[in-house]
Amino acid sequence: MIIRIKQNVFQFNFQTFGSTVYLIKLANQNIIIDTSSKENKQELLADLKELNIAPEDIVILILTHSHWDHVGNNDLFKNAKIITNKNLDKLPKELKPIQTPGHTQDSVCIIYKDILFSGDTIFHEGGRGRTDLPEGNEKQIFESIEKLKKVKYKTLCPGHIN
Ligand SMILES: [Zn+2]
């Protein structure tokens with residue numbers, strides 16, 4: 001299911017478990033944030049098709065962290081440069097990263113205009129990511145949440161919405 005967050009920002013939600021996927025259409029490049037789980041491949045392709053976008057049209061793929069339910073369809077985007085916590089200097093200038101370790105060590109949030117893409121660090125209604133998985137760290141996620149409280153944004157776009 002496609003939800004239009006803004007004129008040029010779309011959220012894809014799926015039937016089966018897996019992260020949300022976001023599409024940001026900049027003037028000259030299409031960006032995807034996270035790719036959900038493998039099980040959602042066909043639905044993701046259908047959603048993109050509905051917006052008249054081929055996977056090859058995506059030139060940047062940003063991963064909020066490396067959990068399987070966020071990276072399952074990376075291989076669809078053959079023309080995309082993959083940006084993770086390790087190469088954030090490659091982000092387009094319209095997007096700003098905020099390093100938010102805690103859920104995983106490589107967790108990163110992205111600010112675009114007044115939208116915060118928060119991965120699995122924070123969710124709607126005060127929810128926050130698990131820290132009981134490998135790489136999880138309770139103290140770090142609280143520090144990261146404090147960091148996010150200082151960020152000005154209007155719309156929260158987390159990695160899972162239900
Ligand atoms: Zn996760």
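1. A term needed below: two strands are said to pair if DSSP finds at least two bridges between them. The structure discussed here is a predicted model.

2. The protein chain contains 3 helices and 10 strands.

3. Taken along the principal axes, the box filled by the C-alpha atoms of the protein chain is roughly 45 × 30 × 30 Å. Of the 162 residues, 38% are buried. Among contacts in the protein chain with a separation of 6 or more, 54% are between residues 24 or more positions apart.

4. An open sheet is formed by 4 strands in the order 7-8-9-10, and its pairing is mixed. Strand 7 (95-99) and strand 10 (155-158) are the edge strands; each has a single partner strand, so one side of each lacks a neighbour in the sheet. From one strand to the next, the twist averages 20 degrees.

5. In general, the strands of a sheet pair through backbone hydrogen bonds, in either a parallel or an antiparallel manner. Here, strand 9 (residues 115-119) pairs with strand 10 in the parallel sense, over 4 bridges. Within this part of the sheet, Phe117 stands opposite Cys157 of strand 10.

How values were computed
Residues are numbered from 1 along each chain as its sequence is written. This is a predicted model: local features need pLDDT of at least 70, side-chain atom pairs count only at pLDDT 80 or more; totals for chains, interfaces and linings use all residues. Helices (H or I, at least four residues) and strands (E, at least two) are DSSP runs, numbered from the N terminus. Axes are lines fitted to C-alpha atoms, for helices over the stretch in contact, and angles run from 0 to 180 degrees between N-to-C directions. A residue is buried if 20 or more other C-beta atoms lie within 10 Å of its own, exposed if 12 or fewer, and partly exposed in between; C-beta atoms are placed from the backbone. Two residues are in contact if their C-beta atoms, placed from the backbone, lie within 7 Å.
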